[in-house]
Amino acid sequence: MNTTDTIAAPASAIGGAITVIRIAGPDALKIGNAVWSGKTPLGNDCVRLMKLGRIDLEPALAVYMKAPASYTGDDVVEIQCHGGAAAADRALRKIFSAGARCAEPGEFTFRSFVNGKLDLTQAEAVADLISASGDAAFQLAARQLGGALGKELLALYEILNRLRSECEARLDFPDETLDFEEYPADFDRAKAQMEALLATREISDKMRNGVEVVLAGKPNAGKSSLLNRLLGYNRAIVSDIPGTTRDTVDAETVLRQLPVHLVDTAGLRETADPIEKLGVQRSFDSIKRAQVTLFLLDASNCDLASEIAAFEQISAPKVIAVWNKIDLAKDRELPALPCPAVRISATTGDGIEELLDALLEKVFGSRSVNVPEVALNARCAALLAQSKGNLDAAIARFRDGEFELAAEELAVGARQVGLAVGKTVDPDVLDEVFRNFCIGK
Ligand SMILES: Nc1nc2c(ncn2[C@@H]2O[C@H](COP(=O)(O)OP(=O)(O)OP(=O)(O)O)[C@@H](O)[C@H]2O)c(=O)[nH]1
Ligand SMILES: [Mg+2]
């Protein structure tokens, strides 16, 4: 990507009340003033001041941000004009004919990275912030944008390079009695830091991408009623006819800050109906795939043994037994089950908070969502895992006195960490990061 010309794109979603158009690059001011006019032109006397003027005859606000104090680090002009595709299109056409090029997706953030305003983890956080579907994911992205992860990775990068220099020094001065540490403590420090970072991968994945939770149980247990209750609207058909749901019903929601993909399923029973049979098979497949199974049992059923028998039919590692219809069986003693169990009423909403407590406990091992200071995404985790492999090998080489090989492993390991944070630049890695952006960011 050329980083020296002037680019422009809408920075807000088209269709809102206002469109924000961003122009960035050396000619931003010239182009801005060519399309927008106010009492006085944009310039050094009004840096970061919003000015009212016009594009053609239509009112438009404009602001000039002088390099390097802008999002991209270039000269930037942002113009706010009428919302809607037609207004944005008119303004953009004028901007392009005045000399700007249409920005590629993520190109403003890419420039910000090239100009040293953001490291690569911060650039990724910009995309995460926009796509965050739950508050936990948002907080995680905000912390990453603040630079917490980048700082840790940079520190690690420096330790690995320092260790490499130490190994090389032992080669360069083999006979000299330099004051070498027998076994540099930095080896274990780096290893512990990597392990701690890698351990955040799972939690951050759940916060960012959510978890799949399946609702299973016998027909009429109240699965669809619970789905609707958790969503807060009627997604699935509920009726007192057993076998109402015959296919899986999927829905997305956020429960206690956590993005959750809910799957309602056909009730589990033996059936001769070929369509229902297929539905039941899908229920079993969903249970196999899900991260958590909420297994519903009808607490009001006079034949509790049949509920237990259905429960025993499934083998899901992360299951919560949900005794439903507790409004019809308030003081009933219910048999113990070999998994956490809660008592709810999908109809009245009783026990839902306890159910969410149990769900979080299953997912995170604690009832509240604790957003970590730093957490790796898939890209950084893959690079760090490779780097840890190199560090382990370097430690083994070092112990064997093979300092040259240890230094080589450390160089490769440092490169992986450098790629994660953007200290080492590789076009494929940049492509991977900026591919996920939308236009205008
Ligand atoms: N009293 C009471 N009735 C409930 C409760 N939950 C569900 N029901 C009723 O039980 C019947 C079955 O509910 P559904 O949600 O359709 O059950 P399901 O498990 O999805 O059933 P299938 O789709 O046939 O497998 C309906 O008449 C619901 O109104 C509850 O907590 N209390
Ligand atoms: Mg149903």
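At what angle do helix H7 and helix H13 pack, and how far apart are their axes? Helix H7 (residues 185-198) and helix H13 (residues 378-399) pack at an angle of about 155°, and their axes are 10 Å apart. Axes here are lines fitted to C-alpha atoms, for helices over the stretch in contact, and angles run from 0 to 180 degrees between N-to-C directions.

This is a predicted model, in which local features need pLDDT of at least 70 and side-chain atom pairs count only at pLDDT 80 or more, while totals for chains, interfaces and linings use all residues. Residues are numbered from 1 along each chain as its sequence is written, and chains are lettered from A and ligands numbered from 1 in the order in which they are written.

**The chain as a whole**

The protein chain has 15 helices and 12 strands. Helices (H or I, at least four residues) and strands (E, at least two) are DSSP runs, numbered from the N terminus. The C-alpha atoms fill a box of roughly 80 × 80 × 40 Å along the principal axes. Of the 441 residues, 41% are buried. A residue is buried if 20 or more other C-beta atoms lie within 10 Å of its own, exposed if 12 or fewer, and partly exposed in between, with C-beta atoms placed from the backbone.

**Helix H7 and its two partners**

Two packed helices are described by the angle between their axes and the distance between the axes.

| Helix pair | Angle | Axis distance |
|---|---|---|
| H7 and H13 | about 155° | 10 Å |
| H6 and H7 | about 150° | 10 Å |

The contact with H13 includes Phe-187, Ala-190 and Met-194 of H7, and Leu-384, Leu-391 and Ile-395 of H13. Residues are in contact if their C-beta atoms, placed from the backbone, lie within 7 Å. By class, this contact has 10 nonpolar, 1 polar and 2 charged residues. Ala, Val, Leu, Ile, Met, Phe, Trp, Tyr, Cys and Pro count as nonpolar, Asp, Glu, Lys and Arg as charged, and the others, Gly among them, as polar.

Helix H6 covers residues 148-172, and H6 and H7 are therefore also roughly antiparallel. Among the residues in their contact are Glu-152, Leu-156 and Arg-162 of H6, with Asp-186, Phe-187 and Arg-189 of H7. The classes here are 8 nonpolar, 1 polar and 4 charged.

**Single residues**

Ala-24 is in strand S2 (residues 18-24). Ala-24 has 29 other C-beta atoms within 10 Å, so this residue is buried. Leaving out residues up to four places away in sequence, Ala-24 touches several others, including Thr-6, Asp-74 and Phe-108.

Gln-257 lies in the loop between strand S8 (249-255) and strand S9 (258-264). Gln-257 is partly exposed because 16 other C-beta atoms lie within 10 Å.

Arg-48 has a phi near 60°, a positive value in a residue other than glycine. Arg-48 lies in the loop between helix H1 (28-35) and strand S3 (51-55), and is exposed, with 10 other C-beta atoms within 10 Å. The phi of Lys-325 is near 65°, again positive in a residue other than glycine. Lys-325 counts as buried because of its 22 C-beta neighbours inside 10 Å.

Notes
Two residues are in contact if their C-beta atoms, placed from the backbone, lie within 7 Å. Angles under 35 degrees count as roughly parallel, over 145 as roughly antiparallel, 65 to 115 as roughly perpendicular and the rest as oblique.
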